[in-house]
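Please look through the sequence and the structure shown below before reading on. The paragraphs that follow go from strand pairing to the chain as a whole, and then to a pocket.

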Amino acid sequence: MAFNLTRRRFLQSASLAAASIPLSKVVSAETGFVQSPLEPKGSLKEETATGGICEMCFWRCQLIGKKRDGRLIKLEGNPKSIDNGTSICARGNAGIKLLYDPDRLKYPLKNVGERGKPVWKRISWEEALAECSSKLKGVVDKYGPQGIAVFPHGSTAKYPMHFFERTVGTHNVSEASFFQCRGIRDTAYWATIGKAPGENVDMPNSKAIMLLGSHIGENVHVSHVKSFIKGLQNGSKLIVVDPRYSAAAAKSDVWVKIKPGTDTAFLLAIMNYLVKTEKYNVDFIDEWADGFDEFAEGIADWTFERAAKECNIPVEQIKEVADILAENAPNVSIHPGRHVSWYGNDFQRQRSLACLTALLGAYYVEGGWVPGIKPKVGKVSWAKHDHGNEHNLNYNEDEELRHPFTPPGTPTELIRDAALTGKPYPIKGCVIWGQNPIQTIPGQEKMKDVLRQMDFVMCVDVMPTDATMWADILLPEASYLERFDLVKTGTQWDFSEKHQQYITARMPLVEPMFERKDNVFITNAIAKGMGHEEEIPVKTVEEMVEKNLAVAGLSIAQLKKEDGIHLRDGKDPYGIPEDFEVLLYNEDIEDAGFPGVPTYMPVEPPPAGFARLLYGRVPVHTFNRTQNNAWLNFAMPENPVWINDETANKLGLKDGDTVGLVNSEGFKSHTTTTVKVTPGIRKDSVYMAHGYGSANPLLSVAVNAGVDDTSLMTKIAIDPETGAHGMRNNFVKLIKDGKVLDIPA
Ligand code: SF4
């Protein structure tokens with residue numbers, strides 16, 4: 001069983017770390033571990049390094065590091081932070097274990113075996129960069145810039161992404177954060193209020209909060225959780241709409257145990273009720289909204305009764321939710337959510353959330369949707385060139401957009417289909433930078449076929465992943481604790497406090513070990529090799545940070561003097577800007593052939609004997625990225641599959657039983673996990689945390705730990721408006737002792 005193997009390996013590595021001094025010196029030379037000598041407390045000089053910004057998840061809390069003899073021994077929240085303050089989460093604390101993880105990539109590697117079954121040979125940076133440049137240039141010379149696909153993720157991937165997109169000229173760039181996560185949210189709000197919403201809800205000052213499939217408390221982001229908890233402490237009512245009794249549902253006043261895929265029907269019924277009973281904010285709609293009549297007519301059939309039947313919830317509960325929202329409007333936080341690519345029909349649900357916020361008049365008011373007013377900084381990167389749309393896969397032969405409300409970049413599925421068919425053109429070079437497309441994109445086998453047919457695959461990462469197994473050249477990147485990187489801005493998280501703004505920049509807390517390099521070094525070298533030396537915008541990442549800070553009248557030296565964070569007075573964020581407009585009915589959407597008024601699109605129900613596979617997060621992991629972290633693995637080494645208690649009884653399953661999964665297309669999980677029996681999930685669904693079950697043997701802690709839910713996502717569902725993937729469309733059965741168990745209705 002994966003659990004035992006992983007735990008044993010962890011204990012083995014822990015005992016190694018506690019070994020004798022001569023051995024620890026060997027370990028140090030090979031892995032970067034340095035054994036802390038057993039000296040009496042206080043006998044060693046400790047220093048504090050400032051300017052850290054966490055990247056164990058994307059929230060980017062501000063850090064300080066405690067160092068002893070040049071080694072980072074502890075991370076803490078920066079006391080000067082008006083964002084996370086002195087708090088950091090379990091993952092933030094465990095950054096030390098990532099920094100010194102013996103499995104980290106250390107040197108450039110060349111695959112002298114097969115893609116997917118690599119045999120690694122250490123090579124020099126000169127050789128690695130020369131090969132990357134010549135192979136990528138070869139692809140461009142033979143197939144044009146459109147012959148390259150880029151899968152980037154994270155703060156360091158922007159610079160190389162801009163190089164390939166803006167300078168080389170490929171449109172084939174697909175960020176997982178857009179096409180498998182939040183892009184659909186951003187574009188739906190863009191089409192409704194002209195802005196991406198972020199998670200800008202003023203929860204501390206709200207009177208009611210509604211979360212729809214949003215697992216605050218499980219996707220811990222420190223200041224966001226503080227904001228949520230403060231709202232609850234201040235007496236805000238909490239409505240949680242979720243098929244599962246999540247950590248947030250456990251704190252709710254109303255838990256709506258909704259049938260998966262029907263959320264839009266639920267929202268339409270609430271909005272129809274608000275309109276019909278004139279419980280909506282008439283003044284706000286008159287002043288700021290367009291298309292109210294078309295909207296009211298378009299949702300007029302959505303009675304509570306109809307929605308209750310569709311959503312499999314009581315009529316009274318929908319009315320209760322609608323009344324709570326109306327009674328507490330406008331001080332209501334309708335959370336836009338995150339990781340909202342669920343069913344391939346998600347644009348309409350996200351539009352519904354934006355429209356509901358408008359009916360409640362909950363934009364730019366206390367407790368509503370309120371973007372803070374941040375300070376301005378620079379954004380130096382590669383200059384934009386117009387490369388036309390001839391090779392943009394999102395445009396058809398008639399120069400019309402296939403997915404007109406797409407996030408930036410090209411929908412992943414269009415890139416994969418072109419790569420596999422060679423039509424309308426071949427895609428033969430691939431750059432994967434900080435992304436793990438094997439475990440982020442549905443259709444894992446398809447992704448492997450895409451990579452298999454490439455002439456050249458280059459990967460850059462901090463750790464090995466399932467995707468790095470497919471690289472020809474694998475380059476080790478410095479981690480977030482070892483490099484300059486981004487400039488981050490923000491405001492204090494509670495707008496009832498004194499208005500303040502902050503500017504901070506990620507600075508290295510320690511030097512990079514081994515041969516790890518930063519994104520600007522790597523990208524510039526490849527750009528030079530590909531003939532773009534003249535266009536290089538900055539020589540070093542430090543220069544980029546300096547230029548971005550200079551726009552705000554700051555410098556790295558100044559930030560260092562200010563303990564890593566520059567604070568200044570802020571501005572009152574409440575009050576609607578003059579140019580604000582809400583499109584309840586959007587004519588452009590209708591002209592493009594989609595519903596201009598939010599519309600419910602039913603999804604396929606589970607076939608007999610199957611349950612829908614839902615997935616989510618846990619507080620101690622950031623999906624797959626933290627799986628190999630020994631401390632975090634110790635806290636949660638596998639992802640138990642939640643199953644309804646009555647269903648489990650009928651199947652003879654009990655807590656802790658070992659099971660595998662098989663989906664309705666016959667794909668079996670390659671590992672097993674344990675069962676969690678609970679009344680806190682519907683009978684038509686099972687649930688597990690995303691990102692487990694890594695297959696890369698170089699991950700000595702994470703390999704085969706838990707089940708890889710992505711491997712079971714074999715049905716491809718694409719949101720028609722945006723081209724984003726739906727990721728909750730697969731149906732599974734459990735396998736125990738080799739026997740496949742039918743899930744009873
Ligand atoms: S929420 Fe946790 S992991 Fe994310 S940036 Fe903050 S401390 Fe790091």
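Two strands pair if DSSP finds at least two bridges between them, where strands (E, at least two residues) and helices (H or I, at least four residues) are DSSP runs numbered from the N terminus. This is a predicted model, in which local features need pLDDT of at least 70 and side-chain atom pairs count only at pLDDT 80 or more, whereas totals for chains, interfaces and linings use all residues. Residues are numbered from 1 along each chain as its sequence is written, and side-chain values use heavy atoms, with hydrogens and water left out.

Strand β2 (residues 62–68) is joined to β3 by 6 bridges, and the two run antiparallel; Gly 65, for example, has Leu 75 in β3 as its bridge partner. These strands belong to an open sheet of 3 strands, ordered β1-β2-β3 with antiparallel pairing. At its edges lie β1 (46–53) and β3 (71–77), each of which pairs on one side only. From one strand to the next the twist averages 30°, with axes being lines fitted to C-alpha atoms and angles running from 0 to 180 degrees between N-to-C directions.

Strand β23 (residues 685–689) is mostly covered, since 5 of its 5 residues are buried, that is, under 20% relative accessible area with a 1.4 Å probe and protein chains only. Both of its faces are covered, with Ser 685, Tyr 687 and Ala 689 buried on one side and Val 686 and Met 688 buried on the other.

Over the whole chain there are 23 helices and 27 strands. The radius of gyration, taken over C-alpha atoms, is 26 Å, close to the 27 Å that the globule rule (2.2 Å times the number of residues to the power 0.38) gives for 745 residues, so the chain is as compact as a globular protein of that length. Of these 745 residues, 60% count as buried.

The second largest pocket has a volume of about 610 Å³. A pocket here is an open set of points on a 1 Å grid over the protein atoms alone, with protein on both sides within 12 Å along at least five of seven lines, and lining residues have an atom within 4 Å of a point; a volume is the space filled by probe spheres set on the points. Among the 26 lining residues, Glu 165, His 171, Asn 392, Pro 408 and Gly 409 are the closest to the centre of this pocket. Helix α6 (residues 158–168) gives the most to the lining, with 5 residues.

Conventions. 1 Å grid on protein atoms, 1.4 Å probe; cavity = no way out; pocket = protein on both sides within 12 Å on 5 of 7 lines; lining within 4 Å. Buried < 20%, exposed > 50% of the residue type's maximum accessible area, 1.4 Å probe, protein only.
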